[in-house]
Amino acid sequence: WRFLLGSEASAAVLHRHPLQHPEVAADAVRVLLDRETGEGERDLALAVLRDSNLDLVTEEQLASVVDHVLSEGRARQVGFLIDRVHEQRGLSATFLVALRDRLASSNAAPVRSVAVEVTGLLAKLDEPFVARMFRDPSPAVRSTTADLLERTEMQDRAQALTLIREHLAVEQHRSVISACLYALGSLVRTAERRVRQWEPPEGTGS
């Protein structure tokens, strides 16, 4: 691990030869929290934080990493890390909401887009938050919100359809309208397939 950090090696090497060790995980978090580290070192840190190494990343450390998000590139990296930790061991809804709200308060649109993606990790659709992000001044954030709704779980799809239709009535940006129409079409097609799946055969009288 120390050799890799000092050698400017590509993060791809860690996909072929993963390093699982508590000291490696701790140092990777240190790298992410150090404002002076370069992009190559951050890429290595994110690449090594997988599988059992993720079990050693505390919620406090993850929150600190979120606080260090400064640019679009780093925002995307942090989004991947949050998703990876949640998949590995699960993060509480309360903690996810706290991270999401911290990201959503950023002045940078790419960071707010990551906040939308983080809310997609919650078990239930957060309608007030989605409605708020549909009012975001950035078209990219509004498009990300539409993309989120397109992936909504079955139990929340009726609400998702309502939110998209309401927003389409006021949206003026072409790329956001396109994202909303795609999401709307996807949700409607999914609902129609579900209805056909449960439709009884003709002549059964069921």
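Read along the sequence, the protein chain runs α-α-α-α-α-α-α-α-α-α-α-α. That comes to twelve helices and zero strands. The model is a predicted one. Its C-alpha atoms fill a box of roughly 70 × 45 × 30 Å, taken along the principal axes.

Now look at how the chain folds back on itself. Take the contacts with a separation of 6 or more. Residues 24 or more positions apart account for 65% of them. Of the 206 residues, 42% count as buried.

The largest nonpolar core has 60 residues. Those with the most contacts inside this core are Trp1, Leu49, Leu62, Leu81, Ile82, Leu103 and Leu149. Pick out Leu149. Leaving aside residues up to four places away in sequence, Leu149 touches Leu125, Val130, Phe134, Ala160, Leu163, Ile164 and Leu187.

Helix packing comes next. Two packed helices are described by the angle between their axes and the distance between the axes.

Start with α3 and α4. Helix α4 covers residues 39-48. The axes of α3 and α4 come within 9 Å and cross at roughly 140 degrees. That makes α3 oblique to α4. The crossing is left-handed. On the α3 side, the residues are Val24, Ala28, Val31 and Leu32. They meet Glu41, Arg42, Ala45, Leu46 and Val48 in α4. By class, this contact of α3 with α4 has seven nonpolar, no polar and two charged residues.

Now turn to α3 and α5. Helix α3 spans residues 22-33, and helix α5 spans residues 59-67. Their axes come within 9 Å and cross at roughly 25 degrees. The two helices are therefore roughly parallel to each other. The crossing of α3 and α5 is left-handed. Here Val29, Leu32 and Leu33 in α3 meet Gln61, Ser64 and Val65 in α5. This contact of α3 with α5 divides into four nonpolar, two polar and no charged residues. Leu32 takes part in the contact with α4 and in the contact with α5.

Finally, go to helix α9, residues 127-133. Pro128 is found there. Is Pro128 buried or exposed? Its relative accessible area is 63%. Exposed means over 50%, so Pro128 is exposed. Pro128 and Leu163 lie 35 residues apart along the chain, and their C-alpha atoms are separated by 10.0 Å. Leu163 is also one of the residues that Leu149 touches.

Note on methods
Residues are numbered from 1 along each chain as its sequence is written. This is a predicted model: local features need pLDDT of at least 70, side-chain atom pairs count only at pLDDT 80 or more; totals for chains, interfaces and linings use all residues. Side-chain values use heavy atoms; hydrogens and water are left out. A nonpolar core is a set of buried Ala, Val, Leu, Ile, Met, Phe, Trp, Tyr and Cys residues joined through side-chain atoms within 4.5 Å. Buried means under 20% relative accessible area, exposed over 50%, partly exposed in between (1.4 Å probe, protein chains only). Contact means heavy atoms within 4.5 Å. Axes are lines fitted to C-alpha atoms, for helices over the stretch in contact, and angles run from 0 to 180 degrees between N-to-C directions. Helices (H or I, at least four residues) and strands (E, at least two) are DSSP runs, numbered from the N terminus. Angles under 35 degrees count as roughly parallel, over 145 as roughly antiparallel, 65 to 115 as roughly perpendicular and the rest as oblique. A crossing is left-handed if the near helix is turned anticlockwise from the far one by less than a right angle, and right-handed if clockwise. Ala, Val, Leu, Ile, Met, Phe, Trp, Tyr, Cys and Pro count as nonpolar, Asp, Glu, Lys and Arg as charged, and the others, Gly among them, as polar.
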